[in-house]
Amino acid sequence: MTEELLKKADELLEKALFAAAVFQQFDQEQTDRIVERVFKAGFNNRVKLAKMAYEETGIGMWQHKVLKNVIATQMVYDDIKNEKTVGVISHNEITGITEIAQPLGPIFAVTPVTNPTSTVLYKTLICLKTRNPILISAHRGALKSCTETVRICYEAALEAGAPDDCIQIIPAGSREFTQMIMSHPKIALILATGGTGLVKAAYSSGNPAIGVGPGNVPVFIDVSADIPFAITNIILSKTFDNGTICASEQSVIIENQIENTVIAEFEKQKCYFLTPEEIKKVERIAISPDSGTMNPLIVGQSATVIAKRAGIDIPENTRILIAKLEGVGKDYPLSVEVLAPILAFYSTKDYHEAIKLCIDLNYLGGIGHSVGIYANDEKRIMEFSQIMNAGRIVVNTPTSQGAVGGIYNLLPSSFTLGCGTGGKNITTENITARHLINIQRVCRRKPNDKFFAFDSSKYLDESLDVNTIINEYNKNH
Amino acid sequence: MIKFEHFPEEKHLICRFSGRLDTLICMSISEEIQNKLQELKQGQSETNLIEEKIDFDMKDVTFISSSFIRICLITFKNSQKGNFAIINCDPFLKKIFKIAGLDDLLGVS
């Protein structure tokens, strides 16, 4: 069995490697032509693919999945279309350094069930833009819609002259097979978006990896905020595809001086505050008691469906279930990430208590990911930003749409959000084409005048201390 | 796109390629090459043990596709060990075979 799988992995990788070799011959214009064609094909199929993904996974809302596909095509394309990714990409006369972009080689892309077709579209575009063949491993719950997405992209790429096998999807297989491909010596990079286990597997594979896992996004509403505006934006974000974006708000933190206003506004905008008994009922179906993490069966379900499953009665048009909690951690199960329209809510005695709570929430499974703040006080915005450990501090903006970029700000549009070392990532940036090239630097001779003017034999004299040498080194400069 | 030079006495076939060897071109030349190889093998008997030698001359090639890489591999597999070579590659083409992991196997020079 293992030998058979190994043979299958070798075959896939051989094809990818040939595609990588052929891709080397493409110039920027040819590459851009392929990317444009694939963008258009993906965009033209945005509705069909969204509906397929929704029907297959039963997660989220197809209308919102359309918008995700738009972000993954139109916004990503806008972002990368003018970027130089082939050959000489920059030259600096002053430093004498010329930068040359080289592709990485076959990229193994793992895609999640929550954003299936959009992640395939986005990863395909950034791989093609950088002349890297892509092998996609789709979540088994979204294999059909991802396979169709790959078919559409691959046909468009071939029509534009792309190398054979530049986009492949790995057939449904075992976890063993996925791990085999991850650790295959011919893989240049793993681009993993998904759960903690998957990301850990990517980093343990022995191959370079960009793996992005879960978040746990706290949103602080400052007393200086425009409260109705803040609530409208939070709801817009938390209900987007029923909360399936990992940058969606998980908890709202306020000072109790604005509690009544905030609660009234949430209720006015059709959110429901759970009673303590109802919180227990929701916890039972939303959080797995063994692991303390969210139950996959409620991911991307609407507030009314979740309430029904929990056995509680709520108004028919309820948009979000809100649980007022007193603490953070395992004794408060709803304080962890839940990719569904359930929000934790904290009211604290003052600003410092609020920020300390945000730190606890930020460090509860979401280090380095994203946080949000609503405020009209620049000092507080900057203080909050410097205290939080987050790749993206999203200001007065819905965090789901804000963190992925392209609509509410000029962050690169991305479905893989770097979380820095806190999230075991090498970067806090939104992963895009520029992360998928090796940059070679041609360094021309530009002698260091200070060094050559300095008598370097003085470095050998132990009696000379740092100040003496530095003064001499900088003399006449 | 392809010209053959056949030296029957030495059982030596040189395939001289030129221009872009894209997927379409490769579809048409693949059969041509295999037929030539069959011709080359004909006449081989147990008493006539001269091994055939096949060279792919890449001097005038400007682009190769995955299909061409596969033609190289098939030809290599059908030839006797060590008697297939890809010659006159420019450095850029050599790098392509290097990336594909085939430069040593296919005797790229």
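Me: Why does A:Asp165 count as buried?
Reply: A:Asp165 has 21 C-beta neighbours inside 10 Å. A residue is buried if 20 or more other C-beta atoms lie within 10 Å of its own, exposed if 12 or fewer, and partly exposed in between, with C-beta atoms placed from the backbone. So A:Asp165 counts as buried. This is a predicted model, in which local features need pLDDT of at least 70, side-chain atom pairs count only at pLDDT 80 or more, and totals for chains, interfaces and linings use all residues. Residues are numbered from 1 along each chain as its sequence is written, while chains are lettered from A and ligands numbered from 1 in the order in which they are written.

Me: Where is A:Asp165 found, and what is its phi?
Reply: A:Asp165 sits in the loop between H6 and strand S5 (167-169) of chain A. Its phi is positive, about 65°, although A:Asp165 is not a glycine. Most residues other than glycine have a negative phi.

Me: What makes A:Lys424 partly exposed?
Reply: A:Lys424 has 18 other C-beta atoms within 10 Å, so A:Lys424 is partly exposed. A:Lys424 lies in the loop between helix H15 (399-403) and strand S15 (437-443) of chain A. Its phi is positive too, about 60°, and A:Lys424 is not a glycine.

Me: Why is H5(A) called roughly parallel to H6(A)?
Reply: The axes of helix H5 (residues 116-129) and helix H6 (residues 143-159) of chain A come within 9 Å and cross at roughly 30°. That makes H5(A) roughly parallel to H6(A) (under 35 degrees; over 145 is roughly antiparallel, 65 to 115 roughly perpendicular, the rest oblique).

Me: Which residues of H5(A) and H6(A) meet?
Reply: From H5(A), A:Pro116, A:Thr117, A:Val120, A:Leu121, A:Thr124 and A:Leu128 take part. From H6(A) come A:Ser145, A:Cys146, A:Thr149, A:Val150, A:Cys153 and A:Ala157. Contact requires C-beta atoms, placed from the backbone, within 7 Å. By class, the contact of H5(A) with H6(A) has 8 nonpolar, 4 polar and no charged residues.

Me: How do you know on which side of H7(A) the buried residues lie?
Reply: The buried residues of helix H7 (residues 175-182) of chain A are A:Phe177, A:Ile181 and A:Met182. They cover an arc of only 140° around the axis, which puts them on the same side of H7(A). On the other side, A:Arg175 and A:Glu176 are exposed.

Me: What do the buried residues of H7(A) pack against?
Reply: Their partners in chain A are helix H1 (2-23), strand S3 (107-111), strand S4 (134-138), strand S6 (189-193) and helix H8 (196-203).

Notes
Axes are lines fitted to C-alpha atoms, for helices over the stretch in contact, and angles run from 0 to 180 degrees between N-to-C directions. Helices (H or I, at least four residues) and strands (E, at least two) are DSSP runs, numbered from the N terminus. Two residues are in contact if their C-beta atoms, placed from the backbone, lie within 7 Å. Ala, Val, Leu, Ile, Met, Phe, Trp, Tyr, Cys and Pro count as nonpolar, Asp, Glu, Lys and Arg as charged, and the others, Gly among them, as polar. The arc is that of the directions from the helix axis to the C-beta atoms.
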